[in-house]
Amino acid sequence: MMILIFGTLTLIFGLGLSISFGAASIDLTTVWQAIFAFDADITDHQIIQEVRLPRALGSVLIGAFLAVSGAIMQGMTRNPLASPAILGVTDGAAFAIAIAFAFFPGMSYLGLMGWSFAGAGLGAMLVFGIGAFAKGGVTPVKLALAGVAVGAMLSSFSSAIAIHFRVAQDMSFWFAGGLAGVQWISVQLLVIAAIVGLGLALLISRSITILSLGEEVSKGLGQKTVVVKTAGIIVVLLLTGAAVSVAGRIGFIGLVIPHITRFLTGVDYRWIIPCSAILGALLLVLADLGARMVNAPYETPVGAITALIGIPFFLYLARQEGRGL
């Protein structure tokens, strides 16, 4: 409970900093007034309402989506290396968006989100399909290697499509990962995805806890593992697809945050899922703030900031091969 309270308070403070900082710095008092006493005649209020507030809210939702997706994937597969970025889900979604840009220009946000869901499913299916045929069975490292290989393949296909059909400039945003293009329509779609995806994640959280003990134990306790896994996959595809359709490929949040959360809360997913959502949101808000500060007034791709944190963590986990999950 303390993690939720402290994390939420820190997130609110981080949101205030994120909204106030930019090409033109705006004090927190003005931020408060722009949100709760909006005046259309004040330029700073317009900047906050039309540009910075949707970006900040988008970062909260996307960070929560990626962290919860990673937590569910790790719980279902008992794989400490599982995350949307590592297991090809993110690259699959970006691949589908590349196809949509090439063959269906001018597609709406809702259409892009649908393609993103389909691509996320394709990436996951390829990775787990390859892992199922691996000699000696599926191990955390083998699954991660399959994910990296499939992700690299889909990323290469995405780049080839973008170059051949001359949509590379449009796709550059999705390849790098960023929050600069978040608009209110994007936030509205993310809120719908949050209600469905995070709501379902909380509903199956107890079942994920049991499933994380092992499939045989889960079946022995009378749990319908197929139903739980199906619901978990739907949550992952929905949340990851929504995140990628708006912000592109932002990696490693789904890898790092669930491990930190388990260290702080234990192995009960009724706590892991909501705490992961809060901490994932906080990490992306701070990463986005850092992306604007590293090379101001220019922006560094936020995916590069999260990679700086995530890659050493991934290498450490790969060496451990999942001990202690």
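## Close-up views of a predicted model

**View 1. One turn of helix α13.** Asp 288 and Arg 292 sit 4 residues apart in helix α13, about one turn of the helix. Helices here are DSSP runs of H or I with at least four residues, while strands are runs of E with at least two, and both are numbered from the N terminus. The two residues form a salt bridge, with their closest N and O atoms 3.2 Å apart. The term salt bridge stands for a side-chain nitrogen of Lys or Arg within 4 Å of a carboxyl oxygen of Asp or Glu. Arg 292 is buried, at a relative accessible area of 9%.

Residues are numbered from 1 along each chain as its sequence is written, and side-chain values use heavy atoms, leaving out hydrogens and water.

**View 2. Arg 55 meets Asp 288.** Here the side chains of Arg 55 and Asp 288 join in a salt bridge (2.7 Å, N to O). Arg 55 belongs to helix α3 (residues 43-77) and Asp 288 to helix α13 (residues 269-293), so this pair ties together parts that are 233 residues apart in sequence. Asp 288 is buried, with a relative accessible area of 1%. Arg 55 is buried too, at 10%.

**View 3. Glu 299 joins in.** The side chain of Glu 299 meets that of Arg 55 in a salt bridge (2.8 Å, N to O). Glu 299 lies in the loop between α13 and α14 (302-320) and Arg 55 in helix α3, so the pair ties together parts that are 244 residues apart in sequence. Glu 299 is partly exposed, with a relative accessible area of 42%.

**View 4. The network as a whole.** Look again at Asp 288 and Arg 292, whose salt bridge has its closest N and O atoms 3.2 Å apart. Through shared partners, salt bridges join Arg 55, Asp 288, Arg 292 and Glu 299 into one network. A search of the whole structure finds 5 salt bridges.

View 5. Met 1, Met 2, Ile 5, Leu 9, Ile 12 and Trp 271 make a nonpolar surface patch of about 660 Å². Patch residues have over 30% relative accessible area and no salt bridge; like charges are joined within 9 Å, and nonpolar side chains (Val, Leu, Ile, Met, Phe, Trp, Tyr) within 5 Å. Helix α1 (residues 2-20) gives the largest share of the patch, 4 residues. Ile 12 is placed in helix α1, and at 52% relative accessibility Ile 12 counts as exposed.

**View 6. Two loop residues with positive phi.** Arg 78 has a positive phi of about 55° although it is not a glycine. Arg 78 is placed in the loop between α3 and α4 (89-103) and, at 44% relative accessibility, counts as partly exposed. Phe 252, also a residue other than glycine, has a positive phi near 80°. Phe 252 is found in the loop between α11 (225-247) and α12 (253-265), and is buried, with a relative accessible area of 16%.

Technical notes. Predicted model: local features only at pLDDT ≥ 70, side-chain atom pairs only at ≥ 80, totals over all residues. Areas by Shrake-Rupley, 256 points an atom, 1.4 Å probe, with all protein chains shown as cover. Buried < 20%, exposed > 50% of the residue type's maximum accessible area, 1.4 Å probe, protein only.
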